[in-house]
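Hi,

Here's the structure I promised to send over. Have a look, and my notes on what turned up are just below.

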Amino acid sequence: SDGHVTRASAKSSTIKQSVCRWCFNDMPLDDLAANAKRIGLHSVELIGPADFATIKKYGLMCAMVSQAGPGGIPKGWNRVDNHSWLIPAYEERIALVAQEKWPNVIAFSGNRDGLGDDEGLENCAKGLKQLMPAAEKAGVTVCMELLNSRVNHPDYQCDHTPLGVEVVKRVGSPRFKLLYDIYHMQIMEGDVIRTIRDNFAHIAHYHTGGVPGRHELDETQELQYRAIMTTLAG
């Protein structure tokens with residue numbers, strides 16, 4: 001989740017809830033982990049190996065480990081030139097995640113920068129297929145995040161669910177799936193519940209956030225999260 005959850009909802013839910021580190025960058029990680037544990041969360045996400053020991057002190061895990069390599073979000077798997085450094089960086093990251101027996105590591109398509117979608121998707125699949133033997137052996141799932149290109153990540157290529165699903169199909173491994181971010185996909189395409197139901201097999205993990213403004217999941221935003229969470233729990 002991008003935001004807070006209440007004590008009651010976290011402890012009564014059948015869904016294991018988590019918090020992303022970057023949303024609380026102004027809070028020391030020790031404080032964030034302590035608070036996450038106190039309200040019943042299971043995980044602090046999007047951290048790298050340097051921070052694993054800190055969250056483990058509080059009995060927490062990392063449900064989605066941060067990306068490997070220096071490319072960030074804009075420079076990802078959609079360009080073959082990037083594969084020479086992405087593949088070894090991810091092989092190393094996957095090995096470290098496997099040591100902790102944690103499930104997932106995030107990945108990004110990268111920005112279009114003039115690249116057509118079919119070519120970009122094919123390039124993603126070409127590189128990720130080479131990574132899959134390591135992921136399959138380690139039991140770690142690589143998850144490509146769907147991000148909006150309208151508000152937060154201009155020009156990001158994997159910006160609609162059908163594009164991400166096509167990459168999953170082309171890679172053809174149980175260790176490559178999508179990170180479906182409800183906030184981002186509400187901005188890009190809406191129809192959240194139907195999309196989740198239709199693509200459940202291709203999605204490994206979910207992120208949340210209120211639309212508009214990425215605020216709390218309450219009456220100030222446009223989605224009914226009770227219905228969405230019921231869909232996920234079902």
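C20 isn't in one: its nearest cysteine sulfur belongs to C23, 5.1 Å away. C158 has C124 as its closest partner by sulfur, but at 6.9 Å that is too far for a bond. C20 is buried at 0% relative accessibility, and C158 is buried at 0% too (buried means under 20% relative accessible area, with a 1.4 Å probe and protein chains only).

A word on the numbers: residues count from 1 along each chain as its sequence is written. Since the model is predicted, local features need pLDDT of at least 70 and side-chain atom pairs pLDDT 80 or more, while totals for chains, interfaces and linings use all residues; side-chain values use heavy atoms, without hydrogens or water.

W77, L128 and V142 touch the most other members. Setting aside neighbours within four places in sequence, L128 is in contact (heavy atoms within 4.5 Å) with W77, V142, M144, V167, V171 and F176.

Last one: S173 is buried, at 8% relative accessible area. Not counting residues up to four places away in sequence, S173 touches M132 and E136.

Cheers

Technical notes
Buried means under 20% relative accessible area, exposed over 50%, partly exposed in between (1.4 Å probe, protein chains only). A nonpolar core is a set of buried Ala, Val, Leu, Ile, Met, Phe, Trp, Tyr and Cys residues joined through side-chain atoms within 4.5 Å. A disulfide is a pair of cysteine sulfur atoms within 2.5 Å.
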